Structure formats: structure tokens, C-alpha cells
Amino acid sequence: MNKPWGRFYGIGVGPGDPELMTLKAIQILHRVPVICYPQAVAGDRSMALAIVDRAIPLEGKVLVAFPFTMSSANSGVSWQKALNKVLTYLQEGKDCAFITEGDPFTYSTFIYVYEYMRHHYPHVPVEVVPGVSSVMASAARAGVPLAVGKERVALLPALYHVTEISHLLDHWDTIVLLKVNRVLADLAPELARKGLVEKAVLVRRATLPEEQISWGHEALRNETADYFSLLIVRR
Ligand SMILES: C[S@@+](CC[C@H](N)C(=O)[O-])C[C@H]1O[C@@H](n2cnc3c(N)ncnc32)[C@H](O)[C@@H]1O
């Protein structure tokens, strides 16, 4: 009889502080022999791997990098080779965990791998372990509740147009803009027109030692904002 396939986990490892990892994430990562992590092709060291490295010993683990480029993230072109390697381990009955920064189902590259696996390898058991998203962590660090009662929250990535933001600012109580660093300057006039500059807070690297929180004009002019920054505007 064929050996049963290993389980493929998608594990959220939280926004940065390893103490924000769940007990379940830690327990699974201690146990699995193979850990996969997303690696931006032109980027820094994987943030997810840096978080896990501070929480559990990585010696003896097989580490598999999944390279992602913006252009091929969805198609699998860049990470297919890595996935083939992982499929070999899974077929041998070994459990593998794909770690993702924040939550795995919130704007994560893991979603591309998850959907590919579900479609092409439906017999492989997959389990997703939620994590503390940078959205929740940033709100907590900035002291800005996201929503109460009937309030509405919009979450969006930076691939938006300023006119779209204008509409959202009118109809939503809180908006959270991820991947915002490159468009901060474009947002400033729109927020000023609506009298909302002072309501904007930029959180960079939430829960990490280098965390920065800035408000209003200082937030919108922030030159140290990097990829791991998001903006919350609560009316
Ligand atoms: C591809 S999305 C991943 C989101 C992640 N899955 C989550 O649940 O937080 C990357 C964006 O999340 C935001 N982000 C991730 N980590 C962050 C942190 N520690 N502090 C502030 N923003 C963060 C930034 O806006 C970044 O551009």
C-alpha cells in the first residue's frame, strides 16, 4: 500500500514579534521536518523566516525558499521548482509548513500556492493556521480601534488609484492601506481636501524593535516608510 502523503500547512507567523505567534504555529513548526518560506526575488531576507528563527531552533530543518516576483507570483513560474521539491517530501509522508508573515489568507503569496495545490493536488491534505495580521497588530500599536458597532472597514493594497480612495474615505469609517510606502505623497492632497490628514497614522514594522508610528503630515511625508508599512485612516 502507498504511504499516505504528508500534510501541507500554511502557517501565519504574525507581524514580527515572535510572542505573537500562536501556540499552534509554534507546535507545528517544532514538529515538521520541512519549512517553506516566501522569498522576494529582489528583496531582503524573508521576514517570515526571520520571525520563526527567533521562536524555534531551525537546525536540522530542511528550508525551502519560494521565490516570488510581482509579475509571476500568480502563475507559479518562479516557485514551481520549489513546489516540486516540497511535493517529493509530501509524497514521502513528511509534513511541510509554508510560513507567511501575518495571516496566510490576508494578501499573502501563500494564497497562490494554496490555490495551485488545491487545484492540481487535491489529494494532499492542506491545513491553514491563522496568524495575527499586520492590520490588527498595527491598529493595536497605534491605539486606533478598527471598528465598533456598525462601523465599516475597508482593507486595500496600494495598487489603487487616488480617486478610488476618495470614494472609500466618504463611505467607510476606517480604511487600511497596505503596501502604502510608494503612494504616501499622492495620498496627502486627497486627505487634506477631506480634512483627514490628522486622522492618518502610518505604522512601520509593527511589533518589531525598529517599529515607528507617525501621525498626520509627518506620516505622509515619512521617508523611512518601507514595504512593511501600512496607513490607517479612521474618520
Ligand atoms: C503582502 S502583504 C502581507 C500581509 C500579511 N499577510 C498580514 O496578514 O499582515 C504585505 C503588506 O503588509 C503590511 N505589513 C506587513 N507586516 C507589517 C508590519 N510588521 N508592520 C506594518 N505593516 C506590515 C505592509 O503594508 C506590507 O506592504
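In which crossing, left-handed or right-handed, does α6 pass α7? The model examined here is a predicted one, in which local features need pLDDT of at least 70 and side-chain atom pairs count only at pLDDT 80 or more, while totals for chains, interfaces and linings use all residues. Residues are numbered from 1 along each chain as its sequence is written.

The protein chain contains 8 helices and 10 strands, where helices (H or I, at least four residues) and strands (E, at least two) are DSSP runs numbered from the N terminus. The radius of gyration, taken over C-alpha atoms, is 19 Å for the protein chain, close to the 18 Å given for 235 residues by the globule rule, so the chain is as compact as a globular protein of that length; the rule itself is 2.2 Å times the number of residues to the power 0.38. The C-alpha trace spans about 70 × 40 × 30 Å along its principal axes. Of the 235 residues, 38% count as buried, a term that applies if 20 or more other C-beta atoms lie within 10 Å of the residue's own, whereas a residue is exposed if 12 or fewer do so and partly exposed in between, with C-beta atoms placed from the backbone. Among the contacts in the protein chain with a separation of 6 or more, 70% are accounted for by residues 24 or more positions apart, and two residues are in contact if their C-beta atoms, placed from the backbone, lie within 7 Å.

Two packed helices are described by the angle between their axes and the distance between the axes. The axes of helix α6 (residues 162–171) and helix α7 (residues 184–193) come within 10 Å and cross at roughly 40°, which makes α6 oblique to α7. Here axes are lines fitted to C-alpha atoms, for helices over the stretch in contact, and angles run from 0 to 180 degrees between N-to-C directions; angles under 35 degrees count as roughly parallel, over 145 as roughly antiparallel, 65 to 115 as roughly perpendicular and the rest as oblique. The crossing in which α6 passes α7 is right-handed, the term used if the near helix is turned clockwise from the far one by less than a right angle, with anticlockwise for left-handed. On the α6 side the contact is made by Val162, Ile165 and Ser166, and on the α7 side by Asp186, Leu187 and Glu190. These residues divide into 3 nonpolar, 1 polar and 2 charged, with Ala, Val, Leu, Ile, Met, Phe, Trp, Tyr, Cys and Pro counted as nonpolar, Asp, Glu, Lys and Arg as charged, and the others, Gly among them, as polar.

Helix α5 (residues 134–142) has Ser134, Val135, Ala137, Ser138 and Ala139 as buried residues. The elements that cover the buried residues of α5 include β6 (153–156), β7 (174–177), β8 (200–204) and β10 (229–234). Within β6 lies Leu156, which is partly exposed, with 17 other C-beta atoms within 10 Å; the C-alpha atoms of Leu156 and Ile175 are 19 residues apart along the chain and are separated by 7.8 Å. Just after α5, Gly143 takes a positive phi of about 70°. The C-alpha atom of Gly143 is separated by 21 Å from that of Tyr227, 84 residues apart along the chain. Tyr227 is found in the loop between α8 (216–220) and β10, where this residue is partly exposed, with 16 other C-beta atoms within 10 Å, and touches Lys179 and Asn181, not counting residues up to four places away in sequence.

Most residues other than glycine have a negative phi, and most peptide bonds are trans. In the loop between β8 and β9 (212–215), however, Arg205 has a positive phi near 50°, and Thr207, found in that loop, has a positive phi of about 70° although it is not a glycine. Arg205 counts as buried, with 22 C-beta neighbours inside 10 Å, and Thr207 also counts as buried, with 20 C-beta neighbours inside 10 Å.

Elsewhere, Pro67 is found in strand β3 (residues 62–68) and counts as partly exposed, with 17 C-beta neighbours inside 10 Å. Pro67 and Gln39 are 28 residues apart in sequence, and 4.7 Å apart in space, C-alpha to C-alpha. Pro4, in the segment before β1 (8–12), is exposed, with 11 other C-beta atoms within 10 Å.
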